[in-house]
Every structure is written in structure tokens, then in C-alpha cells.
Amino acid sequence: MTSEAFAPAKINLSLHVTGQRGDGYHLLDSIVMFADVGDRLWFSPAKDMAISVTGPFADGVPVDRRNLVWQASELAGFHGTIRLEKNLPHGAGIGGGSSDAAAVLRHCGYAGDGAALGADVPVCKAAKAQRMLGIGEVLTPLSGWPALHAVLVNPGVEIATPDVFKALTQKDNPEISADPMDFSTAEDVIAFLQDQRNDLEAPAQSVAPVITSVLTALKGLPQCRLARMSGSGATCFALMDTAQDAASAAQTIAAAQPEWWVRPCVLS
């Protein structure tokens with residue numbers, strides 16, 4: 001019997017780089033939410049392991065053990081075939097591969113956090129609003145947070161995360177400036193986020209200047225309450241008051257830049 005799982009896009013609403021360990025891993029303080037857009041996976045029991053990939057971003061996705069989906073399947077003890085529908089762009093700062101692996105772990109009932117597969121896998125396995133600390137393994141659920149309306153935009157540029165961190169000159173930055181636990185309205189959340197940062201935004205812009213164009217376009221939308229880059233880029237987001245605002249903004253951006261990947265969404 002075939003079963004299905006959803007792998008949502010991971011959005012870093014803020015990302016503070018607060019230090020670097022001796023082993024090279026960077027320390028983070030980040031607010032993460034998850035979109036209702038993402039990849040999908042279908043599982044079918046079989047004697048031999050196999051992966052097939054479809055979808056608009058299927059090109060270049062490995063179908064062997066290099067794929068985190070394969071590694072997650074081995075970790076979780078799943079044997080069979082997996083069809084991965086790749087709807088999220090590659091190297092986009094929205095956790096595509098990590099979220100795919102986390103979806104396998106959730107689907108298979110794996111009890112661990114999956115950190116062995118990558119620093120973003122634990123938060124993607126949680127798949128709900130979190131404050132993420134350490135190298136990504138220290139999670140605090142933001143269970144009282146409301147859903148947020150947003151537009152996601154990627155200009156079609158794939159960015160290697162190591163290149164962005166290499167361009168980051170200041171690696172000892174302040175943590176989040178307030179306690180994010182007690183917000184119950186979107187207005188409160190947006191006001192809080194306006195005082196936070198993504199410390200990788202400027203380095204990513206130096207690697208891929210088109211990110212500046214994306215942020216300028218989002219900030220120019222009359223519905224935009226906050227625009228920022230997610231993760232190490234190049235995907236950026238704009239927060240809106242309503243689903244109608246997000247849909248209208250997405251139409252405006254897509255009409256002006258038809259080659260960009262643009263999606264209205266709800267974050268939770």
C-alpha cells in the first residue's frame with residue numbers, strides 16, 4: 001500500500017549567527033516557521049530500495065545514497081520505493097533536502113532527531129514554529145504563535161551555504177533581543193521580527209547580488225509588512241496581513257519577474 005508525506009519549506013524568519021565552534025560549526029539563534037508549500041513523497045514497500053524524482057525541480061537530484069531521502073530511509077529502517085516530487089528550488093535557503101529527509105523520519109516514526117543527517121533536520125522534523133539554538137539541535141516550540149501570511153520568492157540562483165558563511169566577516173553577533181514565547185497575534189510577531197536580523201543576508205548578497213533585487217521588489221509592495229532573506233538564500237519572503245494580500249503580492253511579483261519562483265503561503 002502506498003502512503004504519502006509532505007515536506008514543507010523551512011523559513012528562517014530571523015537568523016542570528018552568534019559564534020563558531022572549534023570544529024567549524026556555526027552557532028545560531030533563529031526563528032523558524034514552515035510553509036504550506038513544499039515537496040511530497042510517496043512510499044511503497046518493496047524488497048529493494050529505490051528513489052525516483054519528479055516535479056519542476058527534479059533535474060540534478062540524485063537517486064542513490066547521495067540523496068538525504070535515501071540516508072533517512074536507512075536510518076529509519078524503511079525498505080521500499082520512494083517517489084519524491086521536487087517542488088522546491090535547490091540551494092534556496094528553505095531546507096528542501098533537509099525537509100525531505102525529515103519527512104521520511106516522521107513518516108517512519110523514527111524517534112531520534114535526525115541530526116546525523118544535517119543541522120537543519122531536527123527543526124524540519126518538528127515542522128512547526130520553533131526557536132532554534134546551538135548548531136540547530138536546541139529547539140523550543142513557539143506553540144502559541146499565530147499563522148502568518150507570506151510570499152516566497154526565489155530568483156533562480158542556487159547558492160552554496162559554505163560560500164555564504166565564508167563571506168560572513170562577523171561571526172560573533174548578538175542573540176535574539178527579546179523573549180519570543182508569548183506572542184499571540186500576527187501584529188505582535190511582526191513587530192518582534194522587525195527588531196531581529198538575518199546575519200547571512202549581506203554575505204549572500206555579495207555572493208548573489210540578485211538577492212538585493214528580490215528584497216527591493218518585496219519591500220516595494222504596498223502589502224509588505226516585513227521582507228527578509230531566509231537561511232543562506234537566495235529565497236526571500238515578505239510577510240502580509242491577509243491571504244488576499246499575499247496572493248495579490250505574488251501576482252504582482254510574478255507578472256514583473258516571470259522567471260522567478262513565486263509562491264503565496266501560510267507559515268505555521
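In this predicted model, Lys 10 is buried, with a relative accessible area of 3%, and the side chain of Lys 10 meets that of Asp 120 in a salt bridge, at 3.8 Å from N to O. Asp 120 lies in the loop between helix 2 (96-107) and helix 3 (121-126), while Lys 10 belongs to strand 1, so the pair ties together parts that are 110 residues apart in sequence. Asp 120 is itself partly exposed, with a relative accessible area of 24%.

**Salt bridges**

- The structure has 11 salt bridges by the rule used here, and side chains of opposite charge can pair in this way when their charged atoms come close.
- Arg 131 forms a salt bridge with Asp 29, and the closest N and O atoms of the two are 2.7 Å apart.
- Because Arg 131 lies in strand 5 (residues 130-134) and Asp 29 in strand 2, this pair ties together parts that are 102 residues apart in sequence; both Arg 131 and Asp 29 are buried.
- Asp 64 and Arg 66 also meet through their side chains in a salt bridge, at 2.9 Å from N to O; Asp 64 counts as partly exposed at 30% relative accessibility, whereas Arg 66 counts as exposed at 63%.
- A network of salt bridges links Asp 39, Lys 86 and Asp 100.

**Aromatic rings**

- The whole structure contains four aromatic pairs, and one of them joins Phe 43 and Phe 78, whose ring centres are 5.4 Å apart and whose planes stand at 85°, so the pair is edge-to-face.
- Phe 43 lies in strand 2 and Phe 78 in the loop between helix 1 (68-76) and strand 4 (80-85), so the pair ties together parts that are 35 residues apart in sequence; both residues are buried.
- The rings of Phe 183 and Phe 192 have their centres 5.1 Å apart and their planes at 40°, so this pair is tilted, and ring pairs link Trp 145, Phe 183 and Phe 192 into a cluster.
- The charged end of Arg 83 sits over the ring of Trp 42, at 3.9 Å from the centre of that ring.

**Helix 5**

- Which residues of helix 5 (residues 186-193) are buried? They are Val 189, Ile 190, Phe 192 and Leu 193, and they cover an arc of only 160° around the axis, which puts them on the same side of helix 5.
- Among the elements that cover these buried residues are strand 1 (3-20), strand 2 (26-45) and strand 7 (148-154).

Conventions:
Residues are numbered from 1 along each chain as its sequence is written. This is a predicted model: local features need pLDDT of at least 70, side-chain atom pairs count only at pLDDT 80 or more; totals for chains, interfaces and linings use all residues. Side-chain values use heavy atoms; hydrogens and water are left out. Buried means under 20% relative accessible area, exposed over 50%, partly exposed in between (1.4 Å probe, protein chains only). Helices (H or I, at least four residues) and strands (E, at least two) are DSSP runs, numbered from the N terminus. The arc is that of the directions from the helix axis to the C-beta atoms. Contact means heavy atoms within 4.5 Å. A salt bridge is a side-chain nitrogen of Lys or Arg within 4 Å of a carboxyl oxygen of Asp or Glu. Rings of Phe, Tyr and Trp (its six-membered ring) pair if their centres lie within 6.5 Å; planes under 30 degrees apart count as stacked, over 60 as edge-to-face and the rest as tilted. A charge sits over a ring if NZ of Lys or CZ of Arg is within 6 Å of the ring centre and within 35 degrees of the ring normal.
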